[in-house]
Amino acid sequence: MATLPMKLATTALTALLAVGVATAAPRAEAAAGPDLPTAVAGNPFVDGWYADPDTIVHGDTYWVYPTTSKTYAEQTYLDAFSSQDLVHWTKHSNVLTTAAVSWAEYALWAPAPIARNGRYYLYFAANDIQSDSALGGIGVAVADHPAGPYRDAIGRPLIGRFHHGAQPIDQDVFIDDDGQAYLYYGGWGHANVVKLNPDMVSLGTFPDGATYREITPAGYVEGPQMFKRGGKYYLMWSEGGWTGPDYSVSYAMADSPTGPFTRLDKVLAQDPAVARGSGHNSVANVPGTDIWYIVYHRRPLSETDGNHRQLAYDRLHFNADGTIRRVAMKVQDNFADDNAHGWRTYGGAWTASGGRLQAAGSAGGKALLDTNFGDFTQDTDVTITSGGGDAGLVFRATRPAVGVDSYAGYYAGITPAGHVVLGRADNSWTPLASAPLRVDVGTTHRLRVTAVGASIKVYVGDLTTPKISVTDATFASGGNGVRVFNAAAAFDNVAVGPAVGGEVNLAQGRPATGSTPCAAGEGPEKAVNGTVTGGNTDKFCSAAPGAWLTVDLGATRSISRFEVAHAQAGGEDAGFNTRAFSLSVSNDGTAWRRVVDVTGNSAATTVHPVTGVAGRYVRLDVSAPTGNADIATRVYELRAFG
């Protein structure tokens, strides 16, 4: 599996483009340059374990410089990657090694590139020093080409001591419109900024005579990143622990490159359906446009090794007032790069070529992404290239292995025998439904699966009217992918994301209130966050007698179905499922009409079709919180569908 990094930066100082951070004013997006909604050829976009990406733009080429994500002792070199379209990447090995830096031994971290004076500078941290008595810190190397080889520019650390409590690591370089260069850095919960002299290898001073100025915002841990847009200075940084799921990115805005920086919001965090530990970012601006990307590292869901990090990027969007919208990590792969980084195969023969994922005929060969979606829509182009069997989509899959039905999950496929089929696998096959459909060998069909709670709909070609619609609550979440059975096939344009169409959950992300929660992290907002896969704290929990939960849908909405995901849907014991409860609707939040009444429930997820129901507010009232003696209500999701 691999990682997608990239960070672009521009400067108005010279025709040479700076690294680390972009300077750009909002403008209409130009036609030239990559204009992508995300990494359309898949995250990660390069192979290998990498972290802490930074980027430079030189001419029409984007260069990415990451940390090699290995043990500290093995971090003795840096690689780089280049691309002209942010899709096809070339690896440049060993652009800088410790052999070229007399004082650096290991822990070569967070390279920050910049171009100036007709040369290329690469700032780096080495040796992970723990005190002022140790040799190491932030160094600077120089080269005549972005691919290096880089060599030590000054023969010693540029910053080799702790100042204002900041460990000298995680440097980022920014050149302002007036030509002044700044270096932002700092670990151990402290951030500093220094001025760089025009030679780029020595430090300047501020008007007050100080060399080091602390700019630490609330929540800061490490990994500062500076860029400029529309006359505003944006400081981004990482929060949480680098090996933990809480690793994330927040930001501040200021009128000066030195702040003050007041934390505004978290921009990027883990998505339990996509990846964990998302942080240490950079920002990429396509020169001459208002197209921006956030480039970062993240850990695949199935990986537990702290160093198993991959590089990724997604589109960065701004509001009208200049604030940054929260980033949603998208899942797409059009195989335009002719690789399948991030996919794992189980049986069969698979190749990525000709812009498609090609599967030879096999009895149940699977290719899966490392995802864990519960509610989602997956779209994929499927072309059966030979054979009379079938090919299609696997979803909510767990325990994958080599074998015909060696997984737990669902499969929807098409066959030249003349139908579309939906079934459930668990080391054996259970058909759920089928429908007639003409399928010609060599013809591409667009397959869509939308799964929300127990509702599963399968579309082929016509993405508005399902060919198959069933209710099955056996499997709640798992991986997404593709599969063949006694047929060869090609797959393309894979996309997995929130449910679309008539299966949109009206309650997801809406304001929610409720009775007193069991703990601060188990409030009513957890019941409308769109997931049940975040573990034991991904729920609304209340031990109050007569626990209740209310969701504001924002306007009066027609509702055709409710779903409630109880304790077992989130992985808890079935005895904690809500035993008795009711659902009511209201137009004003005062006068309520009860529309669902449940007693004696033991199911993990309950589905409640209704007719003639409309309201702005939805309320769940609990009369029996569990099927055992526990007094706490556990609601992982309350869903309402139009």
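## Ground rules

Residue numbers start at 1 in each chain and follow the sequence as written. In this predicted model, local features need pLDDT of at least 70, side-chain atom pairs count only at pLDDT 80 or more, and totals for chains, interfaces and linings use all residues, while side-chain values use heavy atoms, without hydrogens and water.

## The second largest pocket

The second largest pocket holds about 290 Å³ of space. Its lining is made up of 19 residues. Closest to the centre are Tyr72, Trp109, Ile169, Glu222 and Trp242. By class, the lining has seven nonpolar, seven polar and five charged residues.

A pocket is an open set of points on a 1 Å grid over the protein atoms alone, where a 1.4 Å probe fits, with protein on both sides within 12 Å along at least five of seven lines; lining residues have an atom within 4 Å of a point. The volume is the space filled by probe spheres set on the points, which are joined across faces, edges and corners. Ala, Val, Leu, Ile, Met, Phe, Trp, Tyr, Cys and Pro count as nonpolar, Asp, Glu, Lys and Arg as charged, and the others, Gly among them, as polar.

## Salt bridges across the chain

The whole structure has 28 salt bridges (a side-chain nitrogen of Lys or Arg within 4 Å of a carboxyl oxygen of Asp or Glu). One of them joins Asp265 and Arg326, at 2.8 Å from N to O. Asp265 sits in strand E19 (262–268) and Arg326 in the loop between strands E22 (310–316) and E23 (331–333), so this pair ties together parts 61 residues apart in sequence. Strands (E, at least two residues) are DSSP runs, numbered from the N terminus. Asp265 is partly exposed at 22% relative accessible area, whereas Arg326 is exposed at 60%. Buried means under 20%, exposed over 50%, and partly exposed in between (1.4 Å probe, protein chains only).

Glu303 pairs with Arg344, again through a salt bridge, with the closest N and O atoms 2.8 Å apart. Glu303 lies in the loop between strands E21 (292–299) and E22, and Arg344 in strand E24 (343–346), 41 residues apart. Glu303 is buried at 11%; Arg344 is partly exposed at 33%.

## A buried pair in a network

Asp375 and Arg396 form a salt bridge at 3.8 Å, N to O. Asp375 is in the loop between strands E26 (356–369) and E27 (376–386), and Arg396 is in strand E28 (390–398), 21 residues apart. Asp375 is buried at 14%, and Arg396 is buried at 1%. Shared partners join Asp375, Arg396, Arg561, Glu563 and Arg639 into one salt-bridge network.

Technical notes:
Helices (H or I, at least four residues) and strands (E, at least two) are DSSP runs, numbered from the N terminus.
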